[in-house]
Structures are given as C-alpha cells and as structure tokens.
Protein chains: 2
Amino acid sequence: MDTRSAPARLRTLTSWLINQNSVTARNVVADRLEGTGTRRYHYSMLAALEEFGPASQADLGRRCGLDRSDVAGAVADLLDQGWVDRAADPLDRRRNIVRLTKAGTKQLKALDRVIGDAQDALLEPLSSAERAQLNELLTRLADHHA
Amino acid sequence: MDTRSAPARLRTLTSWLINQNSVTARNVVADRLEGTGTRRYHYSMLAALEEFGPASQADLGRRCGLDRSDVAGAVADLLDQGWVDRAADPLDRRRNIVRLTKAGTKQLKALDRVIGDAQDALLEPLSSAERAQLNELLTRLADHHA
DNA sequence: GCGCCAACGTTGGTTAAACCAACGTATCAT
DNA sequence: ATGATACGTTGGTTTAACCAACGTTGGCGC
C-alpha cells in the first residue's frame with residue numbers, strides 16, 4: 001500500500017503509524033527468517049534461554065510475552081531441530097526445564113545476524129541517532145504499559 | 001506481560017518494540033471502540049470518505065491499505081449502520097460509489113474523540129514534543145516502506 | 001496427614017488481521 | 001473484436017494473541 005495517500009486523520013495517528021510499521025517490521029523479519037526453520041517467537045525463546053539460562057516453559061512465556069500454550073508448541077519445534085533439550089525439574093516435577101544446546105547457541109548466533117540485517121532494512125531511512133531516539137521512545141512506551 | 005523482564009536482545013530490537021507497542025495500541029483502541037459498532041478499519045474508511053469524498057471500494061481499499069475483499073465486508077457493515085450509502089457509478093458500472101451520510105459524518109466526529117482519547121492513553125508517558133518526534137520518525141519509516 | 005488452592009504443561013479451541021484465488025461483470029487498449 | 005485489466009464478491013488460508021479445561025504436582029493451613 002502507499003501509506004502516503006492515506007487520510008491525514010490516520011497519518012497523524014500514532015496508533016495507526018505503529019500498526020503500519022508493525023506490519024512491515026513483521027514482513028521484513030519474516031522474510032529473512034524464511035528457510036531458517038525459525039519464527040520470531042523461536043528467536044525470542046532462544047534469546048531468553050541464552051540470557052537467563054535454563055528455564056521452565058512458564059518462565060519462558062513470561063519472559064517473552066507468550067502464552068503457555070504457545071510456548072508448548074514452540075518448544076516442541078525447538079526440540080525437533082535439536083536447539084534445546086528438555087527434562088523434568090527434579091525439584092518440582094510440574095516443571096520442564098528447557099535448556100539451550102550447543103547447536104541452539106550456534107543457531108542463535110546465526111539468527112542474530114539475520115535479525116540484525118532485518119533491523120537495518122527496516123530502519124534504513126533513519127540515522128543512528130534517530131534510531132536510538134526511536135528505540136528510547138518505544139521502550140518508554142512499552143515499559144509504561146508493561 | 002512485563003516487557004521489562006524480556007531478554008535484552010529483544011528489548012533493544014526496534015522491530016520487537018514496534019510489535020509490542022502495536023499490540024498495546026490495538027488493545028487500547030479496540031477497548032475504546034467497544035460498543036460503538038465500529039472497528040479500526042471502519043474508522044479508517046469513514047475518515048477516507050470524509051477527506052476525499054465519495055469513492056469506489058477499490059479506491060477506499062488503496063487509501064486505507066485494506067484488501068478489496070475486506071472492504072466489501074466493511075462497507076456492508078457501514079451500510080447496516082446507515083453511515084454510508086452506495087450506488088453504482090453511472091460512468092463505470094464496475095464501480096460502487098460509497099458516500100458518507102449525515103449520520104456517518106456525525107459518527108465519525110464521535111469516533112474522533114474516542115480515538116483521540118485512546119492516543120492520550122497510549123502516549124501518556126511522553127511529552128508533547130516527544131509525541132511529535134515519535135510521529136515524525138514513524139511517518140518517515142512508513143513512507144519509506146510505502 | 002488432609003484438604004484446598006495455585007502453578008505447570010498440554011490440548012483444543014476462538015478471534016482478528018492480513019492476505020490470496022477465483023469468479024462473473026464491465027471497461028479499456030489496440 | 002478481442003485480449004488484458006479492473007471491479008466487487010465469495011470463500012477461503014495463515015499468523016498472532018488469547019482463552020478454557022484438564023490432569024498432574026506442589027505449597028500451605030489446619
């Protein structure tokens with residue numbers, strides 16, 4: 001679509017602008033993830049595991065903002081690919097402990113590059129100062145509505 | 001979710017921040033539209049009709065970034081509510097000309113207030129200068145990917 | 001110990017947005 | 001004239017976000 005021909009009422013509406021950019025951000029990222037065997041939420045979970053270490057599925061969900069039920073499916077995908085392993089928590093048998101494998105760590109590093117490229121494509125028209133500014137404003141908003 | 005406990009890899013990712021804020025923006029707007037008989041895309045279409053005058057469904061779709069098929073359903077909704085009327089274009093009988101009614105104009109004005117309130121709620125933590133800045137950056141991005 | 005509530009993982013959904021394919025009708029270009 | 005294109009419509013698919021219910025397990029009051 002040509003967003004420049006949209007009504008001014010929409011073009012000046014922050015919620016609309018955010019939604020438009022959300023669609024393109026998702027497309028840009030999804031395009032580059034194509035063929036990697038991962039989706040956005042897989043990357044989120046691998047990142048959480050790398051940063052915080054082994055975690056239960058419920059914790060993973062809380063960290064990444066995903067529903068428990070969606071985490072269950074995503075973990076199954078990651079198991080299939082061999083990027084995580086899973087074991088019952090001996091201290092709490094309700095929990096599954098999900099842990100990054102060597103292959104998972106390697107995959108995460110590869111994905112970091114892919115996702116980084118996507119950011120560059122998305123943010124191409126902005127200077128690095130402007131990118132920082134945009135990130136700061138969006139972070140403030142996200143934290144406020146957390 | 002508490003976005004503050006998300007992995008730093010995600011928290012510093014513009015595409016992730018945009019998506020997070022997109023979810024809250026949609027929720028904030030949808031909450032306030034609840035009970036008005038309209039959804040976001042209805043507002044977009046009413047706005048386009050008010051700004052550019054009567055238009056074909058295909059034009060409406062292009063203006064608002066909606067698929068032809070989705071416009072068809074949305075126009076039916078607006079007809080039901082009496083906010084638009086529709087007639088065959090005498091100059092091109094493939095086209096339906098959709099036109100805002102008096103009631104539609106009134107509804108649009110009411111929605112302007114509702115949507116405005118939603119923006120205030122969404123942007124609460126930002127000063128008006130920061131809001132302008134955010135809008136400017138997002139507009140540049142949206143135009144670039146148009 | 002027993003009973004109750006809460007958390008966990010899982011299954012099987014729903015909703016909304018974005019999108020696509022195909023059809024019949026009408027228009028345009030050449 | 002005829003082939004390509006545009007229009008509106010129907011009937012889908014896909015993805016993200018979310019919800020309800022279930023059996024299992026753990027924590028806690030009593």
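Leaving aside neighbours within four places in sequence, which residues is A:Asn19 in contact with?

1. Basis of this note. This is a predicted model, in which local features need pLDDT of at least 70 and side-chain atom pairs count only at pLDDT 80 or more, while totals for chains, interfaces and linings use all residues. Residues are numbered from 1 along each chain as its sequence is written, and chains are lettered from A and ligands numbered from 1 in the order in which they are written.

2. A:Asn19. With neighbours within four places in sequence left aside, A:Asn19 is in contact with B:Ser22, B:Ala25 and B:Arg26; contact means that the C-beta atoms of two residues, placed from the backbone, lie within 7 Å. A:Asn19 sits in helix α2 of chain A. Helices are DSSP runs of H or I with at least four residues, strands are runs of E with at least two, and both are numbered from the N terminus. A:Asn19 is buried, since 22 other C-beta atoms lie within 10 Å; the cut-off for buried is 20 or more such atoms, against 12 or fewer for exposed, with partly exposed in between, and the C-beta atoms are placed from the backbone. A:Phe52 is 33 residues from A:Asn19 along the chain, and their C-alpha atoms are separated by 30 Å.

3. The contact between the chains. Chain A and chain B each bring residues to the contact: 56 residues from chain B and 56 residues from chain A. On the side of chain B that touches chain A, at least two residues each come from α1 (8-11), α2 (14-33), α3 (40-52), α4 (57-64), α6 (102-122) and α7 (128-144) of chain B. The most, 13 residues, is given by α7(B). By class, this side of chain B has 25 nonpolar, 18 polar and 13 charged residues. Here Ala, Val, Leu, Ile, Met, Phe, Trp, Tyr, Cys and Pro count as nonpolar, Asp, Glu, Lys and Arg as charged, and the others, Gly among them, as polar.

4. DNA strand C. Of the 20 residues around DNA strand C, those that come nearest are A:Gln57, A:Ala58, A:Ser69, B:Ser69 and B:Arg93; a residue is near a strand if its C-beta atom, placed from the backbone, lies within 6 Å of it. The surface near DNA strand C takes the most from α5(A), with 4 residues. Its classes are 4 nonpolar, 6 polar and 10 charged residues.

5. DNA strand D. Around DNA strand D there are 20 residues, and A:Ser69, A:Arg93, B:Gln57, B:Ala58 and B:Ser69 come nearest. The largest share of the surface near DNA strand D is 4 residues, from α5(B).

6. The sheet of chain B. Three strands of chain B form an open sheet in the order β1-β3-β2, with antiparallel pairing; strands pair if DSSP finds at least two bridges between them. The edge strands, each pairing on one side only, are β1 (55-56) and β2 (84-88) of chain B. In β3(B), B:Ile97 is the bridge partner of B:Ser56.
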